[in-house]
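Please walk through the structure below, starting with its conventions and ending with single residues.

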Amino acid sequence: MSRPEDILPPDLFYNDTESRKYTTSSRIQKIQSTMTHRALSLLSLSTPSLILDIGCGSGLSGEILSRPESEGTPGGPHIWFGSDISSSMLGIALEKEVDGDLFLADAGQGVPFRPGTFDAAISISAIQWLCNAESSEESPAGRLSRFFGGLYSSLRRGGRAVCQFYPKNEDQKKMVSQAAIKAGFGAGLLEDDPGTKNAKTYLVLTVGGGELDGDITGVVRGMDGVDVMDARRRAKGMKRGEERKGSKAWIMRKKEQMERQGKVVKASSKYTGRKRRVQF
Amino acid sequence: MKLLTLNFLTCAIKTCKTQPASFPLHPRDAELEIVETDMNLPFLKNILPRLMWDELRTITSELGLPDLPPTPPTRSNLVEGGEKDAVAEEEEQEEVVEEPTQTAKDLHRILLETCIKEGKLVCGACGHEYKVMEGVANFLLPGHLV
């Protein structure tokens, strides 16, 4: 499978001919629309909202956002802003007269909106481009961190973002999700058709606070056919607030107990419960 | 580009992020146009608390549009008969189609229908100019400013 991001940077790859090919291909249109609907179902919006579309291209996903609820867009019609790096793609979007406002911008340079602007953000087949740096001045990690940092602050508390992307390998998947977590998001990956050629990876990001139900595990609760694999480390068999034998809290409790029994107890200090230095 | 968007855009340059003058961006040599769109009352109600009203007023006066009232409208101002107390509304259990008021229509016109077609957006802090062509703003930065 050829990966366009290995060939050229996005602004050069999506030139006039390539953009037109991409937009008019009925196969791509169909895939993009199913992915947008999937992303919308993960966002679960109930009222018309303000949405950011990163890598909107020719507005294939945006057209779905502007549709009313009766045409299958939950909570629609939404107002959206779209940003893309390819001017040819935006040119086609202008020809199609999409409803959203368009920007020529590089997502790897940040998101130029004031904090708490958006209810949700969506990105379809775009952020794998951030894993490539085109000059020595920038790095994929830096681009990802600027993007997720900007996205995190521009979403309102309790907002969600869904980014569908095509990771090259496991490392890239990890790099992207780690960058999102570092920016402050509650991040999780949802995979449709895992292990097949049609595998689609959705990065589901949540911003804490508001009426939100936790992280991705809360997002997919009640959805059909979703298995949750939680790889987070968890202290096993320990209840919260339970103390381990030999810990400082345990020693302090024991000393208190002894004192109450009227026994002679050494005074406690900051050194209590600490390990002795190794002498040799 | 809608005026609604202008109420949320800041300067993209990193050193400007901490400066209060980086918001709002000031339109210059702007060519305006009106693009008629459908009224979307639930969206207006949703977005209203997030608007920075004073900045919106500055921008409309800079663009030479008629002055906005000094205080922002509330949600109840947008719906016809919205001043009725909430108890009365609860009694009417059936779904009532909410009628937008003149305030809502004006707000819709200014936020969603008034668009900047050509011109520049200038940052108040660093003076960087973002070009707007055919309604698309160019936020690409040269490498040394990122």
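Predicted model: local features only at pLDDT ≥ 70, side-chain atom pairs only at ≥ 80, totals over all residues.

Residues are numbered from 1 along each chain as its sequence is written, chains are lettered from A and ligands numbered from 1 in the order in which they are written, and side-chain values use heavy atoms, with hydrogens and water left out.

Consider the interface. In chain A, 30 residues are in contact with 30 residues of chain B, where contact means heavy atoms within 4.5 Å. About 2500 Å² is buried between chain A and chain B, and carbon and sulfur atoms give 60% of this area. Buried area is the accessible area (1.4 Å probe) that two parts lose on being put together, summed over both. Of the area that chain A buries against chain B, A:Q109, A:P112 and A:R114 supply 28%, more than any other three residues.

Polar contacts and charge pairs also occur between the chains. There are 16 residue pairs in polar contact between chain A and chain B, both residues being at pLDDT 80 or more. A polar contact is a pair of N or O atoms within 3.5 Å; within protein, one must be able to donate a hydrogen and the other to accept it, and residues adjacent in sequence count only if both atoms are side-chain atoms. Two salt bridges run between chain A and chain B, a salt bridge being a side-chain nitrogen of Lys or Arg within 4 Å of a carboxyl oxygen of Asp or Glu. A:D101 and B:K2 meet in a salt bridge with an N to O distance of 3.5 Å. On the side of chain A that touches chain B, at least two residues each come from strand 2 (79-84), helix 5 (87-95), strand 3 (101-104) and strand 4 (118-124) of chain A. Strand 3 of chain A gives the most, with four residues. Helices (H or I, at least four residues) and strands (E, at least two) are DSSP runs, numbered from the N terminus.

Helix 5 of chain A has the buried residues A:S88, A:M89, A:L90, A:I92 and A:A93. Buried means under 20% relative accessible area, exposed over 50%, and partly exposed in between (1.4 Å probe, protein chains only). What do the buried residues of helix 5 of chain A pack against? They pack against helix 2 (16-24), strand 2 and strand 3 of chain A, together with strand 4 (136-138) of chain B. After helix 5 of chain A comes A:E97, whose phi is positive, near 55°.

Chain B contains six helices and four strands. Its elements run α-β-α-α-α-α-α-β-β-β from the N terminus on. Of the 146 residues in chain B, 42% are buried. Among contacts in chain B with a separation of 6 or more, 69% are between residues 24 or more positions apart.

Over all chains, the salt bridges number 18. A:D192 and A:R38 form one with an N to O distance of 3.1 Å. A:D192 lies in strand 6 (residues 186-192) and A:R38 in helix 3 (residues 26-43) of chain A, so the pair ties together parts that are 154 residues apart in sequence. A:E191 pairs with A:K173 in a salt bridge at 2.8 Å, N to O. This pair links strand 6 of chain A, which holds A:E191, to helix 7 (residues 170-183) of chain A, which holds A:K173, 18 residues apart. A:E191 counts as partly exposed because its relative accessibility is 32%, whereas A:K173 is buried at 10%.

In chain B, the closest N and O atoms of the salt bridge between B:R28 and B:E129 are 3.8 Å apart. B:R28 belongs to strand 1 (residues 26-34) and B:E129 to strand 3 (residues 129-133) of chain B, 101 residues apart. Salt bridges that share partners join B:R28, B:D29, B:K120 and B:E129 into one network.

A:V219, in helix 8 (residues 216-219) of chain A, counts as buried because its relative accessibility is 8%. The C-alpha atoms of A:V219 and A:L43 are separated by 7.9 Å, although these residues are 176 residues apart along the chain. A:K255 is found in helix 9 (residues 248-260) of chain A. A:K255 is buried yet has no salt bridge, and the nearest side chain of opposite charge, A:E259, is 8.1 Å away. For charge, Lys and Arg count as positive and Asp and Glu as negative; His and the chain ends are not counted.
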